[in-house]
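Open the model in your viewer and keep the selection panel at hand.

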Amino acid sequence: MTAHTLLSTRQWSRLASVTTGSALASVLLAAAVAVPVAQADFPQRDVRMIVPWPAGGGADAISRKISNLAEQALPTSVYVENIGGAVTATGLMQLAKARPDGHTIGVLTYDSVVTLPRGNMVPGYSLDKLEPFARVTQEADAIVVSKQSGYGSYEELIEAARANPGTVRIGVAPEGSGPYLAVRRLEAATGVSFNVISYPGSSTAEAEALLSGEIDGAISSLGDFSGILSSGDALGVVELSGSQNPAYPEVPPISEFGIELETGSFIVLAAPANTPEDVIDTLESAYQDAYESDEFQQWVTSIGVTPGWLGSEEVDDWIASYQQRTFAAMDELNL
């Protein structure tokens with residue numbers, strides 16, 4: 001963004017004393033164009049962070065935690081506003097329409113990057129209207145079973161689904177979501193058939209369904225189910241990853257069973273498109289400081305989420321690559 005300062009009274013007087021008539025107008029115009037302005041410091045007021053999911057889910061908790069830490073590097077506060085609806089589009093459309101001055105930022109998740117663009121679900125929604133500036137987490141999906149289900153391992157779950165096709169009840173987010181794609185890919189890889197039940201909204205609904213016995217298992221991140229895992233009401237039986245999650249050493253990666261299947265979620269931070277570069281730099285720096293703090297690293301690991309930083313120079317390419325791989329998997333399954 002280009003800005004210019006006003007000339008001081010002394011500068012105007014000096015120019016007027018040596019210039020007359022039309023020459024005065026020309027000189028003053030040239031001077032006004034030539035004198036650079038000091039841009040106002042950012043931020044000038046509190047920064048609004050839009051989380052496009054209801055309060056209480058994993059994305060909400062992580063966004064609040066890292067924002068609380070990021071504001072320590074800023075002269076103003078960062079406050080979170082939950083605006084759910086339309087698979088994240090309601091909140092992100094507000095973000096896209098906000099003034100591109102850095103005072104409104106937001107969170108992109110799997111649905112923002114894959115589900116909405118893939119299905120052209122919301123007229124006017126486009127990632128081109130947003131400016132991603134950081135990725136802070138990248139966590140694998142996992143299968144969690146309820147204590148009531150009677151399943152104590154991944155092998156037991158798969159064997160039951162193989163023996164009685166369509167009877168093992170697995171809860172996931174709606175069609176088009178990452179967990180929905182994960183369960184269909186798992187069925188294809190193992191040759192089994194689940195009774196797939198979808199739950200709109202955050203993973204909170206699936207956790208409640210597990211507790212009530214409405215479903216046998218569910219797919220989301222271990223972090224999303226940390227509460228019922230720590231209480232003993234649910235058990236993580238496998239993580240859809242190629243490597244061991246150090247926060248949950250008792251939950252094996254699916255690669256241990258000879259299956260290559262890596263799916264999961266992430267949190268990307270973004271501003272409206274055309275936000276000035278220096279403002280993006282300030283935001284990125286504040287959130288990177290927060291990300292690298294011992295407090296955030298210990299906290300995010302304690303809830304079973306894998307930290308994974310990418311800055312503004314890398315995150316766009318990562319999103320493009322992620323979309324390409326995920327869309328290819330969807331095409332293969334005709335989803």
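At what angle do the axes of helix α3 and helix α10 cross? Select residues 58-70 for α3 and residues 277-292 for α10: their axes come within 8 Å and cross at roughly 110°. Helices here are DSSP runs of H or I with at least four residues, numbered from the N terminus. Axes are lines fitted to C-alpha atoms over the stretch in contact, with angles from 0 to 180 degrees between N-to-C directions. α3 is therefore roughly perpendicular to α10 (65 to 115 degrees).

The model is predicted: local features need pLDDT of at least 70, side-chain atom pairs count only at pLDDT 80 or more, and totals for chains, interfaces and linings use all residues. Residues are numbered from 1 along each chain as its sequence is written, and side-chain values use heavy atoms, leaving out hydrogens and water.

Next, show the side chains where α3 meets α10. I66, S67, L69 and A70 of α3 touch A286, Y287, A290 and Y291 of α10 (contact: heavy atoms within 4.5 Å).

Now select residues 294-302, helix α11, whose axis comes within 10 Å of that of α3 and crosses it at roughly 170°. The two helices are therefore roughly antiparallel (over 145 degrees). On the α3 side, the contact is made by A61, I62, K65, I66 and L69, and on the α11 side by E295, F296 and W299.

Key:
Parallel < 35°, antiparallel > 145°, perpendicular 65-115°, else oblique.
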